[in-house]
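This report concerns the protein chain presented here. Please consult the sequence and the coordinates alongside the text.

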Amino acid sequence: MTEVENKDSITFDDFKAEVLNDYKLARISRECSLLGRKEVLTGKAKFGIFGDGKEVPQLAMAKAFKNGDFRSGYYRDQTFMMAIGALTPQQFFAGLYGHIDLELEPMSAGRQMGGHFATHSLDEHGNWKNLTKQKNSSSDISPTAGQMPRLLGLAQASKIYRNIKNITNADLFSINGNEIAWGTIGNASTSEGLFFETINAAGVLQVPMVMSVWDDEYGISVHAKYQTTKESISEILKGFQRDSENNGYEIFTVKGWDYPALVDTYQKASQIAREEHVPVLIHVDELTQPQGHSTSGSHERYKNEERLAWETQFDCVAQMRSWMIENNLATSEELEEIENEAKKEVNEAKKQAWLNFITPIKNEQKELETILLQVASTSENKVFIEKMARDIGSIKEPIRKELLVTARKVLRMVIHENGRSIITHWISNYFNAIQPKYSSHLESESQNKATSIQEIAPSYSNECEEVDARLIIRDNFDAIFTQYPEALIFGEDSGNIGDVNQGLEGLQEKYGELRVSDVGIREASILGQGIGMAMRGLRPIAEIQYLDYLLYALQIMSDDLATLQYRTHGRQKAPVIIRTRGHRLEGVWHSGSPMGMILNAVRGIHVLVPRNMTKAAGFYNTLLMSDEPALVVECLNGYRLKEKMPNNIGAFTTAIGVVETIKQGVDITLVSYGSTLRLVEQAANELESIGISAEIIDVQSLLPFDIHHDIVKSVSKTNRLLIIDEDVPGGASAYILQKILEEQNAYQYLDSKPHTLTAKAHRPAYGTDGDYFSKPSSEDIFEKVYEIMHEAMPYKFSKLY
């Protein structure tokens, strides 16, 4: 084990005061857990999951946690958050009640259940704060081990800042890479693949990460013997221990009830990680869970009397109390006084949090009651409406749903009466005021949001030559890395060979291995690297080799990245770019277009589907000017096709959310994206020869979709619509159809039934014939359009079959 230098000596009185303060924090946190459970059981809160039993190790961790550091943790870390000054008891209860006021519930403004913690990295305008001057916590998520991939990136950012100079605004995010990323997880969740994938990656990358495992021997009701080989995560990870010849981890084990040992362990871990950039695993065992897993059940159902008695004896707060008395740091009477103060403080905080939560709703309740009585006074249904007004007014602890349910039912009763305008006005105003509290910030609302970036067209000289399209991507990345020192790219085969399609050829040699990097086959933690580094001001491009492999990372995309701005009410962001390639691939595992699955999982991330490399390069340039995450799907079969080389490489942009009409027509509108457009263009040319004029629209951006509603303008001209997609039936094509018909109201212009032409429901068989019989071909497109035109004009277009 690495030795650490002794801290400057302090007086006994100073030491005693610090310990007593720690004990009071532990008691405050414990009282929050105990009272929080009661609030759930009495119905004031919906659900509770608390940090009782983990208080003392979290105090020790907080002592080693410095400004600029980041936590990526677990929903039981309330004591830690209190210890770093990022959570008050009143805020704890505001989170438990789901208060939608960000000032009073700064973790998520009621969007996440209590126990999910965050600090604010952004100000109210979406601009970065100085993260080196505050203690930081990335926003928690509930999916077990889902915090692990992001933790890797948060740690890697320190390595980048330590080794790469001249990064834009680096002083807002790092002081010479001295920051640690601190991870926490429950012992049972270490069984998840995301844990092992991230642990391995951190060992390879050698990043400053301290990973704490809170081990209370259970995962809900399931004992460790069913969770972990040898029932010990530190035992099975011994092979990761570094030695004189090999990099790896420093691994510590420590009892969760041993206050002085915990403090010493965390100080050692901090020094190793911070100075040497070596990852550290701290296995904190012999912890307890005094109230069981959550408010949904009792642990007496699955723990025997012997275990329950042991938990009472080795409760970490009780053990700390005994240690203080045994070492003459406090008397039992002094500690009782602290305990009583803690109870009083927490009870007052709970009362104030509830008052803050319920008062505005009660005011809205009174307002509605007055409105209903006013409406009733002139209504034929006066008796019924007055009763509903009395009923709504009598609810002691109303929720907003109850107010709206009543108001909307009354509306039905007065639909033909004068009171209708009064109640509709109230309902409309109420929705306008309240709905954004639950729905805002899915995407950026700052001045740098992606859709506000203006398009700059590629320009061409008279002497411009046609080149392999991969060279446009390569040269554009070259320009990006020169213009943005904070930009970096990493993925499988991205470094040494310049990616599998040579789109990064020669760039690692030019910019170094930290900025253009190879990584292992581990898609979830590749994305996690991107999320974490983006949360610390870098502009990472995380490369997933093929679109189908993105499914390994889909859970992290959906549960973490896509929800980040939303679940923090716009106070954290991670503008990572996910680069991949797909479309028109062959075979079951490389079929290249699970787009419907992606679209319905990643709302909050832009999904961009450029048809060629110039368009793709423009998207990268746009995204680096914005503050939002995105997935860019390049066309795998487009790298060797010829495109003109622009003379403003690195400067042109592709507008996000804007479609492009690539062929004018009057008979039918054909909508598609990606590589399939080449087949659409071929079919359209053949249709032209028989007198059918097809207009072709390239979607370009699936999320967001056609923000200017240009497709409906085309349909109003052609009166017919066909969507061509290589995804399965009901996949992306159904999404596109809903957008055009329902959102853009294109149905009113149709003279023929709208159609979709998709791949078959199965995945394509291997080989060219497998592709031909599985996905739309140019012949399929020709014949489908012909069929539509035959139905409309049978006298002009005879039946084909």
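## Model and domains

The structure is a predicted model. Its domain assignment divides the protein chain into domain 1 (12-330), domain 2 (367-437), domain 3 (450-644) and domain 4 (660-792). Between the C-alpha centres of domain 2 and domain 3 the separation is 50 Å.

## Nonpolar cores

The largest nonpolar core comprises 85 residues, and Leu702 and Ile736 have the most contacts inside it. Helix α5 (residues 148-163) is the element that gives the most to this core, contributing eight residues.

Once neighbours within four places in sequence are left aside, the contacts of Leu702 are Met595, Leu599, Val607, Val609, Tyr673, Tyr735 and Ile736.

## Ile185 in strand β3

Strand β3 spans residues 181-186 and contains Ile185. Ile185 counts as buried because its relative accessibility is 1%, below the 20% cut-off.

Ile185 and Tyr75 are separated by 110 residues in sequence, yet their C-alpha atoms are 8.6 Å apart in space.

## Surface patch

A nonpolar patch on the surface is formed by Ile10, Phe12 and Phe15, whose accessible area together is about 290 Å². Of these, Phe15 belongs to helix α1 (residues 12-41). Phe15 counts as partly exposed because its relative accessibility is 31%, a value between the 20% and 50% limits.

Key:
Residues are numbered from 1 along each chain as its sequence is written. This is a predicted model: local features need pLDDT of at least 70, side-chain atom pairs count only at pLDDT 80 or more; totals for chains, interfaces and linings use all residues. Side-chain values use heavy atoms; hydrogens and water are left out. A nonpolar core is a set of buried Ala, Val, Leu, Ile, Met, Phe, Trp, Tyr and Cys residues joined through side-chain atoms within 4.5 Å. Buried means under 20% relative accessible area, exposed over 50%, partly exposed in between (1.4 Å probe, protein chains only). Helices (H or I, at least four residues) and strands (E, at least two) are DSSP runs, numbered from the N terminus. Contact means heavy atoms within 4.5 Å. Domain bounds come from an automatic or database domain assignment. Patches are made of residues with over 30% relative accessible area and no salt bridge: like charges are joined within 9 Å, nonpolar side chains (Val, Leu, Ile, Met, Phe, Trp, Tyr) within 5 Å. Accessible areas come from the Shrake-Rupley method with a 1.4 Å probe; for residues, only the protein chains shown count as cover. A salt bridge is a side-chain nitrogen of Lys or Arg within 4 Å of a carboxyl oxygen of Asp or Glu.
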